[in-house]
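Please keep the structure open while reading.

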Amino acid sequence: MRRILERLEALDRRIIFVFIFLSIALPLLLPVNMEFSVTPPVKSFYDAIESLPPGSKVLVSCDYDPGSMPELFPMNVAAFYQLLSRDLRVITIQLWATGTLLTERAMSEVLEDLPDKEYGVDWVDLGFKEGREVVMVSMGTSIPKTFPSDLHGTKVKDIPIMEGVNTFDDVAMLVNISGGLPGTKEWVLQVQSRYHVMLGSGCTAVSAPEFYPYVQSGQLVGLLGGMKGAAEYEKLVRRPGTAQRGMDAQSVSHIIVFLFILIGNIAYFSTKGMKKRLKV
Amino acid sequence: MRREIPIAICFLAGFSFILEYFIPHKQVLSVFETIRQWAIIVIAFAYVLGIANIVRINFHAIQRKQRDWPYKVVLVLGVFFMITVGVFFGGIGEETIFGWVYYHAQYPLQATMFALLAFFIASAAFRAFRVRTFEAGLLAVTAVLVMIGRVPVGEALWKQFPDFTEWIMNVPQLAGKRAIMIGAALGAISTALKVLTGLERTYLGGE
Amino acid sequence: MPLSETIGIWLGAALTLCIFSFLYRDNPFYKFAEHLFVGISAGYWATLEWHNVFLPNLWEPLTREGRLLLLVPFAFGILLFSRFTRRFSWLSRWSMALIIGIYAGIAIVGYGSGDLILQIRANLLPLWTDSWLTSFNNILLTVGVITGLIYFFFSKEHKGALGGTAKVGIWFLMISFGASFGYTVMSRMSLLIGRVLFLLKDWLRLVD
């Protein structure tokens with residue numbers, strides 16, 4: 001028994017890696033499709049968009065990179081889908097350079113289901129701008145001066161959807177898909193607290209716990225946290241995607257990690273106790 | 001004057017942003033708006049400086065045939081290839097060569113780099129996560145409750161599990177995070193004031 | 001599916017496996033992929049800066065609209081590169097000071113209003129309400145925030161009443177760290193799910 005526990009404590013980490021890989025791969029190959037309910041922060045995010053009258057303009061800032069794509073891309077797609085299918089006008093920007101092509105791809109996926117949506121009228125991509133918080137504050141004074149042209153080089157004054165859009169007062173809501181810095185925290189600090197625009201956030205699970213205070217204080221109207229948040233949101237907009245797909249694997253992998261923590265501690269304390277008894 | 005002028009620039013630039021918050025007059029705002037537009041351009045130059053530095057350091061390593069120098073050739077070639085196709089051959093759209101390389105090279109590389117963390121966090125949890133004290137136990141129990149409660153299997157085990165997890169996130173967890181947030185805000189403000197008033201000068205580097 | 005897409009998927013799978021090979025041990029495939037990633041990423045950023053900042057915010061207004069005042073930020077930007085010379089590297093401090101000063105000013109305003117005042121205001125909750133659960137939650141929140149803040153007060157030794165209060169604060173902080181750990185595990189597993197799904201679905205076509 002003592003030998004088993006000692007060997008367990010000194011287990012080669014590559015065996016752990018194999019278990020983790022199998023805990024992800026097997027549920028994807030053999031899905032069970034476990035049911036799950038929607039949590040209040042996600043429902044609030046969805047309801048906030050549902051409450052906007054058709055024709056309202058929504059600014060969507062897609063601030064993420066391929067490193068957080070499995071969590072945020074499904075949210076991005078679902079958000080674009082909900083916004084456009086409710087006839088809301090989408091103005092998208094990126095504060096991460098890596099977000100530009102990902103935003104384009106997300107929009108391409110949505111436009112396959114909503115082909116009647118017209119660029120420049122129903123949605124526009126103003127592209128990436130360097131400067132992080134400086135860009136956010138600058139948009140508070142003038143969005144056209146901060147983004148003089150869209151991603152394709154067209155002057156914003158020539159784009160129909162941008163007519164009458166000068167500051168945050170001219171957008172009904174701000175949606176931020178956030179992979180880190182700059183992201184939701186900076187939007188809350190620099191924009192929401194100063195200009196009081198309605199702000200909803202989709203973020204990685206790593207960041208989600210620190211944004212709960214913003215939800216409670218009302219600085220965020222809703223929060224999508226991680227892949228689970230994305231899956232719940234996909235359920236609400238009725239557009240199943242990769243987030244819902246990954247929930248089985250998420251469940252099994254979490255159980256495996258929990259078992260690793262448990263076994264690791266049992267092995268540690270048992271061998272520690274045995275060593276103590278041997279000394280005595 | 002080599003240190004005094006930068007300190008003065010730092011103070012004026014920062015103070016203008018603070019002043020703008022308290023003086024929302026149109027004429028005043030337009031002056032600060034100009035400074036902000038300038039800042040966006042200068043910050044972009046700073047990023048290009050960083051990239052130029054990467055190329056410079058790796059170029060020197062290639063010249064001196066330092067350890068792993070062939071890989072540094074790949075690095076430098078990668079930089080110039082992306083700039084060449086992006087600036088001179090078709091732009092940066094989804095249907096361009098630039099876009100193709102992004103989707104089929106950069107995206108899988110970056111996504112997989114981060115995916116490695118899943119293996120390492122599991123390995124660390126097994127080898128290093130030891131519940132030696134009451135506080136560590138509190139951390140462990142909360143982690144397990146949140147991990148299981150936030151996935152569908154938790155709801156399958158106990159229907160109220162998601163609500164209980166949500167309560168943990170909305171009350172005790174929130175209290176801890178808010179305390180950290182307020183403390184960090186005070187620290188950030190005091191550090192920023194030290195920078196603006198010239199008490200903190202490490203950004204100037206050595207003489 | 002177009003040939004370019006098929007080649008792209010195979011390239012993506014190969015690069016994914018190169019990175020995963022690090023799990024066995026460090027090897028030339030991983031090193032190649034790692035250096036390729038750094039190079040491509042750096043080139044990508046530079047190109048995006050060119051198309052999204054230099055052209056629309058500097059070059060076009062300067063050359064087509066005659067806004068000569070933009071020569072000022074252009075000069076500040078060029079000054080940054082003086083760091084590469086030994087004789088004139090001190091000039092780059094002017095540009096660095098501008099950037100640092102701006103972010104310092106922004107931090108004071110942002111953290112002051114967003115994180116300090118509004119968060120304190122949000123914690124001023126009624127401790128006695130019609131619902132016992134709401135009252136309990138509000139009391140717990142208030143106690144948690146205050147004791148947590150007391151823990152961070154290091155000007156006095158944590159002894160006696162202060163020490164006891166700080167200990168309660170640590171408990172709340174441990175709960176928040178535990179929740180963060182749980183969410184971090186969730187996040188990391190999600191990233192791996194994304195890559196495995198790509199390998200099984202897009203590359204090997206074993207799942208729909």
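## Strand β5 of chain A

Strand β5 (residues 199–203) of chain A is mostly covered, with five of its five residues buried. Buried means 20 or more other C-beta atoms within 10 Å of the residue's own, with C-beta atoms placed from the backbone. Strands (E, at least two residues) and helices (H or I, at least four) are DSSP runs, numbered from the N terminus. This is a predicted model: local features need pLDDT of at least 70, side-chain atom pairs count only at pLDDT 80 or more, and totals for chains, interfaces and linings use all residues. Residues are numbered from 1 along each chain as its sequence is written, and chains are lettered from A and ligands numbered from 1 in the order in which they are written.

Both faces of β5(A) are covered. A:Leu199, A:Ser201 and A:Cys203 lie on one side. A:Gly200 and A:Gly202 lie on the other.

Two strands pair with β5(A); pairing takes at least two DSSP bridges.

| Partner of β5(A) | Sense | Bridges |
|---|---|---|
| β4(A), residues 173–178 | parallel | five bridges |
| β6(A), residues 222–225 | parallel | four bridges |

A:Ser178 stands opposite A:Cys203. The chain runs from β4(A) through helix α8 (residues 184–195) to β5(A), a right-handed β-α-β crossover. Right-handed means that, with the strands pointing away from the viewer, the path from the first strand over the helix to the second runs clockwise. On the β6(A) side, A:Leu224 is the bridge partner of A:Gly202. β5(A), helix α9 (residues 208–217) and β6(A) also make a right-handed β-α-β unit.

## Contact with chain B

46 residues of chain A are in contact with 48 of chain B; contact means C-beta atoms, placed from the backbone, within 7 Å. Helix α9(A) is among the helices that each supply at least two residues of this side of chain A. The largest share, 12 residues, comes from α12(A).

Note on methods: Buried ≥ 20, exposed ≤ 12 C-beta atoms within 10 Å, placed from the backbone. Contact = placed C-beta atoms within 7 Å.
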